[in-house]
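Subject: Structure handover

Hello,

Here is the structure I promised to pass on. Please open it first, then read my notes below.

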Amino acid sequence: MKHIMFARWEIECDQETTRDLFSRVQSGAPETCGCIPCRNFAAAREQLYPVDVIQLLDSLGIPHDREAEVYHTHRIRPRRHGYGGWFHFVGRIVGGLDACKQIGTTKDAPVWGFDLEKVSAEFKMGFTQRIGLLKEPFQGHPIVQIEFQATVPWVLTEEEPES
Ligand SMILES: [Zn+2]
């Protein structure tokens, strides 16, 4: 296990196991989905991750085109869109407040929100132990999720969503 410090977090990670498990993941979520907003994300991918984040992902053993999930949230202004998504890796959070926090309750269910750190003007991220859509190769391992929110240019020639 290797130690990594990033923003407010201290992380322990198993880079080799993560890399090995990703060799069994064929593509990232946007390619798997294939809808127009997802195809836009994939087409803009090489310009949306800050260099620091690409380096972080690499030291965790995560190929940066293997998102577990990507979702379009809204159009910020013409040709600029809000997206969210996440990645998984083998490891644990040693220090730093979890990036998921309960922000309320509806009936009996807690409502969760994010408490992310800004990496650049257009990219925020954080580490959480609340895990979603974990792919089969990762099951049974200690997993951390990297949650992110990004502003992404619209680069496709297809019409962009209006909201
Ligand atoms: Zn999609």
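The chain has four helices and nine strands. Helices (H or I, at least four residues) and strands (E, at least two) are DSSP runs, numbered from the N terminus. Along the sequence, the pattern reads β-β-α-α-α-α-β-β-β-β-β-β-β. The radius of gyration is 16 Å, close to the 15 Å of the globule rule for 163 residues, so the chain is as compact as a globular protein of that length. That radius is taken over C-alpha atoms, and the rule is 2.2 Å times the number of residues to the power 0.38.

Two notes on reading this. The model is predicted: local features need pLDDT of at least 70, side-chain atom pairs count only at pLDDT 80 or more, and totals for chains, interfaces and linings use all residues. Residues are numbered from 1 along each chain as its sequence is written.

**The core**

Buried residues make up 30% of the 163 residues. A residue is buried if 20 or more other C-beta atoms lie within 10 Å of its own, exposed if 12 or fewer, and partly exposed in between; C-beta atoms are placed from the backbone. The largest nonpolar core has 32 residues. Such a core is a set of buried Ala, Val, Leu, Ile, Met, Phe, Trp, Tyr and Cys residues joined through C-beta atoms within 7 Å. Among those with the most contacts inside this core are Phe41, Phe87 and Phe127. At least two residues each come from β2 (9-13), α3 (36-48), α4 (51-60), β4 (80-95), β8 (123-128) and β9 (143-153).

Look at Phe127 next. Leaving aside neighbours within four places in sequence, its contacts include Trp9, Ile11, Ile93 and Ile146. Contact means that two C-beta atoms, placed from the backbone, lie within 7 Å.

**The hairpin**

Now find β5 (residues 100-106) and β6. These strands run antiparallel and are joined by six bridges. Strands pair if DSSP finds at least two bridges between them. Cys100 has Phe114 of β6 as its bridge partner. Two residues sit between the strands, and Lys107 in this hairpin takes a positive phi near 50°. How many of the six residues of β6 (residues 109-114) are buried? The count is zero.

Glu122 lies between β7 (117-120) and β8. It counts as partly exposed because it has 17 C-beta neighbours inside 10 Å. Beyond four places in sequence, Glu122 touches Ala150 and Thr151.

Best wishes
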